[in-house]
Amino acid sequence: MPFKALNLSDNVLRGVQAAGYTDPTPIQLRAIPVVLGGGDLIGSAQTGTGKTAAFALPILTRLGAHAKGQNARVLVLEPTRELAAQVETSFRDFARFTDIRGVAIFGGVGYGNQRAELRRGVDIIVATPGRLMDYLKEGAISLRDISILVLDEVDRMLDMGFLPVVKDIISRCPKNRQTLFFSATVPPEIAAVASFALRNPTRVEVGINRSINESVKHALYPVAFEQKFDLLVALLAKTDFDSVLVFSRTKHGADKIARRLKAANHSVAVLHANRSQNQRIEALAGFKSGKYEVMVATDIAARGIDVAGISHVINYDVPEKPEDYVHRIGRTGRAQAVGDALTLVTPENYGDIRDIQRFIGAKIPELQLEGFPYKPLAPRPAQPAPQGRSNGGNPGTLQPRGGFRRFKSRR
Ligand code: AMP
């Protein structure tokens with residue numbers, strides 16, 4: 001079914017066309033009619049599925065082509081500054097043939113520009129909870145005309161400790177409104193927020209995405225803890241990559257990896273929550289433009305980031321939660337581009353890897369980098385033999401698959 005059949009307004013259809021979309025994704029097909037009909041919605045799709053357009057297109061259609069008075073009519077809450085900026089940009093793109101106005105409100109930058117935009121009057125506010133609360137407390141933003149509230153990535157907001165302030169914000173919105181709620185998982189705390197925020201919601205599940213995009217080849221690289229960094233450098237040296245996203249569990253770890261990669265002559269950007277907002281914007285823009293060939297990021301900062309052309313994801317640290325493995329790997333291989341996902345695994349991580357393999361329902365092949373001076377690994381703890389493991393649980397028989405070539409410089 002083409003977008004035309006979905007009853008979106010002509011202006012919005014032109015915006016969709018200009019964005020280069022031809023056919024709606026499954027979440028768009030299912031969510032757009034619900035949102036256009038004015039009903040509440042719980043969506044369990046993740047970023048990468050086209051979730052943003054699934055709510056932005058029908059919202060813009062409902063708003064009509066023209067800006068109204070001073071107070072915003074739509075409020076979208078996002079867990080991170082990057083997502084707030086990205087989602088506001090999507091709204092702006094889709095709304096380019098209307099005079100609907102949006103603003104992104106997030107912390108880490110000055111208040112001046114945001115205040116100026118607010119004074120001019122906006123229809124849509126896309127905000128992170130903390131900075132929005134600052135404006136609410138001082139009366140610079142009123143939520144009294146909000147008719148549509150979008151709570152996006154609610155599970156991430158829970159992880160970041162935002163739920164109390166999110167609840168406060170919800171209670172400041174008019175009761176008579178439409179609420180759209182997106183969360184990849186719905187643990188009890190989130191179910192409680194959903195029942196507080198929503199009325200007779202329609203559930204749209206594109207399922208928890210446990211599967212890895214088929215175009216992504218992924219592999220585990222077992223290594224002794226003290227050799228992780230050397231292996232990372234060796235892998236980068238032997239990999240033909242365009243742009244690499246390296247994940248660290250901690251902010252401090254991300255800084256350390258970035259410092260060492262710079263010392264090894266890589267151009268490196270760093271993205272995590274302790275960087276200033278200007279540093280984060282510069283890192284992301286530089287990574288997108290190709291100025292930086294490597295970006296080192298933490299999970300929260302990189303969640304939902306949409307960068308075309310990431311050729312490799314390297315998990316320097318195994319992710320803490322199995323679903324984060326899927327989120328991280330989802331950053332590569334988007335839109336059928338071929339991507340590779342490499343995970344460094346130390347003996348301490350064997351349990352986490354088992355959980356990840358169980359979660360995605362697949363076994364990830366183990367590889368060794370040829371010629372790397374591996375130290376012997378601590379033996380694996382006794383465990384029931386995982387299915388399909390044929391080499392007694394120790395890597396060593398597999399060769400790197402084709403594709404490791406000399407590093408290709410892009411400059
Ligand atoms: P999202 O899940 O909203 O972060 O979207 C993921 C990526 O898919 C973004 O780069 C979107 O621009 C793109 N996208 C969303 N919907 C479509 C569509 N119907 N056709 C093509 N690309 C899309």
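**The ligand site**

This is a predicted model. Start with the ligand. It has 14 residues around it, and Y21, Q28, G48, T52 and D306 come nearest. What is the make-up of that shell by class? It has 7 polar, 4 charged and 3 nonpolar residues.

An N or O atom in the Q28 side chain sits 2.8 Å from a nitrogen atom of the ligand. G50 uses its backbone instead: an N or O atom there is 2.8 Å from a ligand oxygen atom. K51 also contributes a polar backbone atom, 3.2 Å from an oxygen atom of the ligand. How much of the ligand does the protein bury? Taken alone, the ligand exposes 500 Å², and 74% of that is buried by the protein.

**The helix pair**

Next, helices α8 and α9. α8 covers residues 163-172, and α9 covers residues 188-197. Their axes are 11 Å apart, at an angle of about 5°. Angles under 35 degrees count as roughly parallel, so α8 is roughly parallel to α9.

Which residues meet there? From α8, we have L163, K167, I170 and S171. From α9, we have E189, V193, F196 and A197. By class, this contact has 5 nonpolar, 1 polar and 2 charged residues.

Terms used. Residues are numbered from 1 along each chain as its sequence is written. This is a predicted model: local features need pLDDT of at least 70, side-chain atom pairs count only at pLDDT 80 or more; totals for chains, interfaces and linings use all residues. Side-chain values use heavy atoms; hydrogens and water are left out. Axes are lines fitted to C-alpha atoms, for helices over the stretch in contact, and angles run from 0 to 180 degrees between N-to-C directions. Helices (H or I, at least four residues) and strands (E, at least two) are DSSP runs, numbered from the N terminus. Angles under 35 degrees count as roughly parallel, over 145 as roughly antiparallel, 65 to 115 as roughly perpendicular and the rest as oblique. Contact means heavy atoms within 4.5 Å. Ala, Val, Leu, Ile, Met, Phe, Trp, Tyr, Cys and Pro count as nonpolar, Asp, Glu, Lys and Arg as charged, and the others, Gly among them, as polar. A residue is near a molecule or strand if one of its heavy atoms lies within 4 Å of it. A polar contact is a pair of N or O atoms within 3.5 Å; within protein, one must be able to donate a hydrogen and the other to accept it, and residues adjacent in sequence count only if both atoms are side-chain atoms. Accessible areas come from the Shrake-Rupley method with a 1.4 Å probe; for residues, only the protein chains shown count as cover.
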